[in-house]
Amino acid sequence: MYLFMPTLVYSEENCVKNHFREIALTGKKAMIVTGKHSSRKNGSLNDVSTVLNQENIPYILFDDIEENPSVETVMKARNLAVSENVDFIIGIGGGSPLDAAKAIALMSANPKADEELLYQSNSLPYLPVICIPTTCGTGSEVTPYSILTLHKQKTKKSISHKIFPTLALLDTNYLKTASRNCIVNTSVDALSHLIESYLNTNSNALNRIYSTQGLQMWAEFKENLKNNTLSEKDYETMLHASMVAGIAITHTGTSLPHGLSYPVTYELGVPHGKAVGMFLGGYVENYKDKKDAGKVLELLEFSNAKELRSYLNQLLGKTELPAELLSADADSILVNKSKLKNYPFEVTKEELINMLN
């Protein structure tokens with residue numbers, strides 16, 4: 001067993017402004033990596049730019065990060081960062097900007113390399129990264145992962161390098177302006193991290209501390225999430241559950257639902273959290289260690305796996321997948337060693353297809 005969690009995390013109201021000193025000490029010129037809209041709407045971009053201006057730290061803004069960011073976008077940002085002599089990256093937003101920020105940090109520190117470097121297993125330098133999450137799903141602010149879209153392969157894939165953020169700043173206020181769809185989809189992504197971490201080849205007594213705690217936290221707001229009656233406390237719990245889930249998958253990785261979700265997102269445009277959630281109830285129901293699966297359901301306060309599947313269908317809506325896509329999806333998992341190794345049992349194509357809610 002091992003535990004490695006090098007990211008410094010603060011969580012509080014006005015977190016960015018309160019910790020201006022840590023931001024200022026990270027570097028001399030920043031690139032802010034974000035999307036076009038949400039960071040402006042929720043005030044996070046303004047808070048970051050205010051602190052940088054206050055501390056006389058120059059910065060450039062790259063706000064072209066799309067949902068499910070591509071390798072091409074990362075390379076475009078890298079070229080700008082290198083030309084502007086940036087020495088640290090600030091990612092603001094959901095998993096897309098935060099994941100992209102890590103990949104940009106890697107490529108910026110290796111300016112002569114091409115995009116193939118992203119998927120080479122070398123130990124390489126990267127620029128410091130500060131992550132400011134504004135959704136409650138990926139936990140990317142504490143994970144070493146960066147998931148990018150590979151258009152050439154028509155899927156999503158984690159880069160081969162582990163890039164831990166230097167600093168994570170969590171403020172519940174940024175979450176409150178997110179749409180209901182965003183809250184639902186990202187919360188289910190966090191749930192998938194917790195379940196896939198607990199029911200995983202790499203799970204053990206130490207890292208299950210995080211998945212256990214996160215599942216209990218998720219149970220606290222699940223009914224209010226379904227009924228759209230979230231309280232101030234619920235928002236705080238969702239943000240913290242997402243972070244805890246990120247710590248959990250840092251030590252185990254994800255498993256079959258994540259692998260099955262990627263083609264669904266790429267081919268059909270289904271949001272990532274919803275795509276993962278489509279397979280989550282079936283994953284628990286078909287998991288072969290019934291004692292461990294039962295413990296997950298107990299922590300989430302569901303009486304059985306069918307109740308979990310029903311809950312997810314009510315929350316997300318049921319999406320029918322074309323039979324040929326589902327078949328090809330299952331085939332892709334059966335040759336995906338990185339996902340198969342995180343599932344502790346032999347699995348058949350039929351069993352994979354049966355995981356669809």
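This is a predicted model: local features need pLDDT of at least 70, side-chain atom pairs count only at pLDDT 80 or more; totals for chains, interfaces and linings use all residues.

Q: Where is Q213 found?
A: Q213 is found in helix α9.

Q: And how many residues apart in sequence are Q213 and Y283?
A: They are 70 residues apart in sequence. In space, Q213 and Y283 are 20 Å apart, C-alpha to C-alpha.

Q: OK, what about T252, buried or exposed?
A: T252 has a relative accessible area of 4%. The cut-off for buried is under 20%, so T252 is buried.

Q: Which helix is T252 in?
A: Helix α10. That helix covers residues 232–252.

Q: Which residues does T252 touch?
A: Leaving out residues up to four places away in sequence, T252 touches S197, N200, N202, S203, N207 and N342.

Q: How far apart in space are T252 and T135?
A: From C-alpha to C-alpha, 22 Å. Along the sequence, T252 and T135 are 117 residues apart.

Q: Where is the place of S96?
A: S96 is in helix α6, which covers residues 95–109.

Q: What does S96 touch?
A: Not counting residues up to four places away in sequence, S96 touches I65, E66, E67, N68 and P69.

Q: New topic: helix packing. At what angle do α12 and α14 pack?
A: The angle is about 170 degrees, and the two axes are 8 Å apart. Helix α12 is residues 272–286, and helix α14 is residues 305–316. So α12 is roughly antiparallel to α14.

Q: Why roughly antiparallel?
A: Because angles over 145 degrees count as roughly antiparallel, and α12 and α14 pack at about 170 degrees.

Q: Which residues make the contact?
A: From α12, they are K274, G277, M278, L280, G281, G282, V284, E285 and N286. From α14, they are A305, K306, L308, R309, L312 and L316.

Q: How do the residues of that contact divide?
A: In the contact of α12 with α14, seven are nonpolar, four polar and four charged.

Q: Past α14, where is K318 found?
A: K318 is in the loop between α14 and α15, and α15 is residues 323–334. K318 counts as partly exposed, at 47% relative accessibility.

Q: By how much are the C-alpha atoms of K318 and G35 separated?
A: By 28 Å. K318 and G35 are 283 residues apart along the chain.

Q: And E350, buried or exposed?
A: E350 is exposed, because its relative accessible area is 57% and exposed means over 50%. E350 lies in helix α17, residues 349–353.

Q: How far apart in space are E350 and S327?
A: They are 9.0 Å apart, C-alpha to C-alpha. In sequence, E350 and S327 are 23 residues apart.

Q: Backbone angles next. What is phi of N85?
A: Phi of N85 is near 55 degrees. That is a positive value in a residue other than glycine.

Q: Where does N85 lie?
A: N85 lies in the loop between α5 (71–83) and β4 (88–93). N85 counts as exposed, at 62% relative accessibility.

Q: What about phi of N228?
A: N228 has a positive phi of about 55 degrees, and N228 is not a glycine. N228 lies in the loop between α9 (208–227) and α10 (232–252).

Q: Last topic, pockets. What volume has the second largest pocket?
A: The second largest pocket has a volume of about 190 Å³.

Q: Which residues line the second largest pocket?
A: The lining is V71, E72, E115, E116, Y119, L150, H151, K152, Q153 and K157.

Methods: Residues are numbered from 1 along each chain as its sequence is written. Side-chain values use heavy atoms; hydrogens and water are left out. On a 1 Å grid over the protein atoms alone, a cavity is a set of points where a 1.4 Å probe fits but cannot get out, and a pocket is an open set with protein on both sides within 12 Å along at least five of seven lines; lining residues have an atom within 4 Å of a point. Grid points are joined across faces, edges and corners, and a volume is the space filled by probe spheres set on the points. Axes are lines fitted to C-alpha atoms, for helices over the stretch in contact, and angles run from 0 to 180 degrees between N-to-C directions. Helices (H or I, at least four residues) and strands (E, at least two) are DSSP runs, numbered from the N terminus. Angles under 35 degrees count as roughly parallel, over 145 as roughly antiparallel, 65 to 115 as roughly perpendicular and the rest as oblique. Contact means heavy atoms within 4.5 Å. Ala, Val, Leu, Ile, Met, Phe, Trp, Tyr, Cys and Pro count as nonpolar, Asp, Glu, Lys and Arg as charged, and the others, Gly among them, as polar. Buried means under 20% relative accessible area, exposed over 50%, partly exposed in between (1.4 Å probe, protein chains only).
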